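Hi everyone, thanks for coming. I'd like to walk you through a few spots in a structure, so please have the sequence and the 3D view open.

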Amino acid sequence: MSGDHGVPWTPADIPDLTGRRALVTGVTSGIGEQTAMELARHGSEVILGARNPQKLTESIARIVHEVPDAVLHPLTIDVSDLQSVRRAAALAAEHGPLHLLVNNAGVMATPYERTPDGFELQMATNHFGPFALTGLLFPQLLASGDARVVAISSQASRLTRTPPLDDPRDLGGRYKRWRAYSKSKLANLMFALELDRRARAQGVPVKGMVAHPGFSATGLMASRSPGSSPGSSPGSRQRVRLTSTILQAAFEALGQPSSLGALPTLMAATADLPGSTYVGPSGPLQMRGHPRIVAPRRLARDEATQCRLWELSENATGVRFLDQ
């Protein structure tokens, strides 16, 4: 397998995916669209999940332009809203067995906002929604006989000192958007590792995998309209919008292109790797470059904490699977 011994892993290493079905969320820009495109290019049928139907139609058109024989299915889903997740999971299940679920949709450093379910927006979008979607689609993953779930983490997961075990509906405390983002990305990593551990313990043919894109032009900063938090002033909303615009411009100018940023996801999704593998860029500080296997931080590997996060997520979403 390329990616070892100094040989770069590239999309040319993706095997023939004919006969396999994937679902990728957050496909209307950046890494999500690139991931779906490469999966389709290598023969996979792809269900494309996104919140905005118009942008989803535009992404499908771009993919078909590059891969004219792509087999694609649009799926409208807002992963921050559990009602939307349940509705989308039911529609996705109609397509039959699922070999790959890439929980790519996410938001970054959004202003304070509560979802219809009462969760803080970043934790809802980046963790609770993907957790629920995975659980609701678990029968389809099992039915494939050989499935993977890929979570998308971030180097920002290293910034928090405490695990993401806060009461998800606690309205108290001062909101710090980068701390909230960091915790949600640590939750992604811990969820995938715990999923893989539980699946192995039960002899279930589903692997939990994780990837992070390094410093890439992902489109995350523009993925949600800022400033919709209750009580925020017009001036505050304008400042948040300006900050998001500046940060997104920095990501676009300095980050590696999404075609490279998507490679860790694609390697985690398709390469011959064991479960619980974490893939990130090979360059200095894992910020850019071709993908390689990387090590999660010690806190993410703590099994007791992983288990507590799993139980918290089950209680928050009402979705239970792989019970011990």
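Let's begin with Leu322, which is buried because its relative accessible area is 8%, and buried means under 20%. Keep in mind that we are looking at a predicted model. Where does Leu322 lie? You'll find Leu322 in the segment after helix 10. Now look at its backbone: Leu322 is not a glycine, yet its phi is positive, about 50°. That deserves a second glance, because most residues other than glycine have a negative phi.

Leu285 has a positive phi too, near 60°, and is likewise not a glycine. Look for Leu285 in the loop between strand 7 (278–281) and strand 8. Is Leu285 buried or exposed? With 71% relative accessibility, Leu285 counts as exposed.

Next, please move to the loop between strand 8 (291–294) and helix 10 (303–317), where Ala300 is found. Ala300 has 0% relative accessibility, so Ala300 counts as buried. Which residues is Ala300 in contact with, leaving aside its neighbours within four places in sequence? They are Leu186, Leu189, Met190, Leu193 and Gln306. Take Leu189: 111 residues separate Leu189 from Ala300 in sequence, while their C-alpha atoms are 6.6 Å apart in space.

Now for a pair of helices. Two packed helices are described by the angle between their axes and the distance between the axes. For helix 4 (residues 121–136) and helix 6 (residues 177–201), the angle is about 20° and the axes are 7 Å apart. Angles under 35 degrees count as roughly parallel, and therefore helix 4 is roughly parallel to helix 6. Their crossing is left-handed. On the helix 4 side, the contact includes Met123, His127 and Phe131, and on the helix 6 side, Tyr181, Phe191 and Leu195 are among the residues taking part. What kinds of residues make up this contact? Seven are nonpolar, six are polar and two are charged.

Last stop: strand 4 (residues 100–103). Leu100 and Val102 point one way from strand 4, Leu101 and Asn103 point the other way, and all of them are buried. Strand 4 runs parallel to strand 1 (residues 21–25), and three bridges join the two. Leu100 is the bridge partner of Ala22 there. Strand 4 also pairs with strand 5 (residues 147–152), in the parallel sense, over four bridges. In that pairing, Leu101 stands opposite Val149.

Conventions: Residues numbered from 1 in each chain as written. Predicted model: local features only at pLDDT ≥ 70, side-chain atom pairs only at ≥ 80, totals over all residues. Heavy atoms only, no water. Axes fitted to C-alpha atoms, helices over the stretch in contact; angles between N-to-C directions. Parallel < 35°, antiparallel > 145°, perpendicular 65-115°, else oblique. Left-handed = near helix turned anticlockwise from the far one by under 90°. Contact = heavy atoms within 4.5 Å. Nonpolar A, V, L, I, M, F, W, Y, C, P; charged D, E, K, R; others polar. Buried < 20%, exposed > 50% of the residue type's maximum accessible area, 1.4 Å probe, protein only. Pairing = 2+ DSSP bridges.
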